[in-house]
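Please read them with the model open.

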Amino acid sequence: MKKIQLLILFLFFAGLVQAQLINSIGINGGVTFAKYKWTVKDDPKLPTPLYQNDPQKWKTSWNGAIFLEMFQNEHWRWVSEAQYNNKGGIEVAGWDKGKKLGTATPDVAWNNYLKFRYEIYYGVPYIFAGPSLAYTLSQSSASPPIQRGSFRKIQISPVVGVGWEFITFGMIKPFVEALYNPDLAAGPAAYHTLDLSLWNRVIEARVGLRFELTPAESCPRVYK
């Protein structure tokens, strides 16, 4: 039964490639810089917080993903990505001689981007944006105000980014990119209790390889 399922999956994937819906597959990975935006209530009974602060340092970790790039348009592409990412933050405890208290919330995410690319002589600069659907795998924190188990398991957030793909003559295309992935202030907080809410702020620096599945143009483009 498993062999039949794998065969069906392979035929489906081959059909997508043949129909030129999928132009390439790829991998990427890099460094994640994560922190939280804090909203604190002095009195949990108050309808709005008395103040907002951000007593955080960036937590440095890593991320990795596999992706599909779809459609053959010269400028517009659609990217669907499965990613593992280490999010969190570092609180600087002023009440404890500036001690650094870490929080870790690694997650898996399904990211989808609309990508605009423009090929020039030196490479292919591009921009992209889209939604991210993340599932929190685990929660740990050394910060006393943060209660275990109070992070949301599922979070939807926007992603925007810029990148640069290097020109090569083969089917392997290396690239570098930078992304910003914040929780929306108007949306649900990643962490919420009566007196404390946290929103993710994530910056990623990534490198990767894109493997083209469709034949390249027979002749290279001529630039004037």
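1. Terms first: helices (H or I, at least four residues) and strands (E, at least two) are DSSP runs, numbered from the N terminus. This is a predicted model, where local features need pLDDT of at least 70, side-chain atom pairs count only at pLDDT 80 or more, and totals for chains, interfaces and linings use all residues. Residues are numbered from 1 along each chain as its sequence is written, and side-chain values use heavy atoms, with hydrogens and water left out.

2. The fold. Of the 224 residues, 40% are buried (under 20% relative accessible area, 1.4 Å probe, protein chains only).

3. Glu-91. This residue sits in strand β5, residues 76-93. Glu-91 is buried but has no salt bridge (a side-chain nitrogen of Lys or Arg within 4 Å of a carboxyl oxygen of Asp or Glu). Lys-99, the nearest side chain of opposite charge, is 11 Å away; Lys and Arg count as positive, Asp and Glu as negative, and His and the chain ends are not counted.

4. The second largest pocket. A pocket is an open set of points on a 1 Å grid over the protein atoms alone, with protein on both sides within 12 Å along at least five of seven lines; lining residues have an atom within 4 Å of a point. β1 (22-40), β4 (59-70) and β5 each supply at least two lining residues. β4 gives the largest share, four residues. Trp-110 and Glu-81 are among the lining residues.

Note on methods
Buried < 20%, exposed > 50% of the residue type's maximum accessible area, 1.4 Å probe, protein only. 1 Å grid on protein atoms, 1.4 Å probe; cavity = no way out; pocket = protein on both sides within 12 Å on 5 of 7 lines; lining within 4 Å.
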